[in-house]
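Please look through the structure shown here, and keep the sequence beside it while you read. The explanation goes step by step and gives each term its cut-offs.

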Amino acid sequence: MHDNDFPASRRNFLRAGAVLSLGALASCGTPKVVPSGNGSDQTDATLGYINDLRKQKGLKPLVRDPAAAQAALSQAGRMAKAGKMSHLIGMGDSFLERMKGGGVALPAAENIAMGQDSAEKAYAAWFHSPKHLENMLGPNYSGLGVAVMRNPASGNRPYWAMVLSTG
């Protein structure tokens with residue numbers, strides 16, 4: 001079928017629908033997730049471990065970054081809700097857009113973990129992972145946020161997120 005096979009009013013209706021659909025898709029960003037489940041900010045519980053490590057390596061200490069802490073809580077909540085450990089959850093997800101949308105100073109990094117029952121154990125898991133360790137020792141980072149979230153829908157398994165920022 002071609003455009004000429006439809007009456008003008010039908011063609012206009014179809015064009016309007018296509019434009020509205022494209023507009024809706026274009027406006028799809030990464031939605032701000034309100035964590036559901038049982039979660040908490042674990043920044044203070046983790047900061048000492050990371051700063052001890054950074055001190056040993058001659059690096060400046062990190063400080064609590066409220067935007068990074070909120071971004072970590074949001075990411076832990078997203079993972080707990082989805083029941084999977086992943087930096088990207090859902091179509092169109094973007095780490096950069098999540099950080100920018102949450103006001104996290106860039107550049108930033110994110111470490112995630114699943115299953116650890118304490119901040120100390122989550123830190124140990126990140127410490128023993130070369131890429132996560134590299135993030136924690138990033139010389140340009142100055143801010144930190146760490147959170148854990150459990151959701152009954154995903155078996156109350158703890159999902160951890162750490163966000164390192166330059167702010």
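The paragraphs below treat confidence, then strands, then nonpolar cores, and then salt bridges.

This is a predicted model, in which local features need pLDDT of at least 70 and side-chain atom pairs count only at pLDDT 80 or more, while totals for chains, interfaces and linings use all residues. Residues are numbered from 1 along each chain as its sequence is written, and side-chain values use heavy atoms, with hydrogens and water left out. The predictor's confidence in each residue is called pLDDT and goes from 0 to 100; its mean for the protein is 82, and 78% of the residues reach 70 or more. Helices (DSSP runs of H or I, at least four residues) and strands (runs of E, at least two) are numbered from the N terminus. Among these elements, helix 1 (residues 8-26) has the lowest mean pLDDT, 38, whereas strand 2 has the highest, 98. Over residues 8-35 pLDDT stays under 50, and for this stretch the model has 17 contacts beyond four places in sequence, a contact being heavy atoms within 4.5 Å.

Now turn to strand 5, residues 159-165, where seven of seven residues are buried; buried means under 20% relative accessible area, exposed means over 50%, and partly exposed lies in between, with a 1.4 Å probe and protein chains only. In a regular strand the side chains alternate between the two faces of the sheet. Here Y159, A161, V163 and S165 point one way, W160, M162 and L164 point the other way, and all are buried. Two strands pair if DSSP finds at least two bridges between them. Strand 5 runs antiparallel to strand 3 (residues 109-114), to which six bridges join it, and E110 has V163 as its bridge partner in strand 5. Strand 4 (residues 143-150) is also antiparallel to strand 5, with seven bridges between them, and there A147 has A161 as its partner.

What lies among these elements? In soluble globular proteins, nonpolar side chains tend to be buried together. A nonpolar core is a set of buried Ala, Val, Leu, Ile, Met, Phe, Trp, Tyr and Cys residues joined through side-chain atoms within 4.5 Å. The largest one has 19 residues, of which W126, L144, W160 and M162 touch the most other members. Helix 2 (43-56), strand 3, helix 5 (119-127), strand 4 and strand 5 each supply at least two residues of this core, and helix 5 gives the most, with four. A salt bridge is a side-chain nitrogen of Lys or Arg within 4 Å of a carboxyl oxygen of Asp or Glu, and a search of the whole structure finds six. One of them joins R64 to D41, with the closest N and O atoms 2.9 Å apart. R64 lies in strand 2 (residues 63-64) and D41 in strand 1 (residues 38-41), so this pair ties together parts that are 23 residues apart in sequence. R64 is partly exposed, at 34% relative accessible area, and D41 is partly exposed too, at 36%. D41, D44 and R64 are linked in a network of salt bridges. Another salt bridge, between K131 and E134, has an N to O distance of 3.7 Å.
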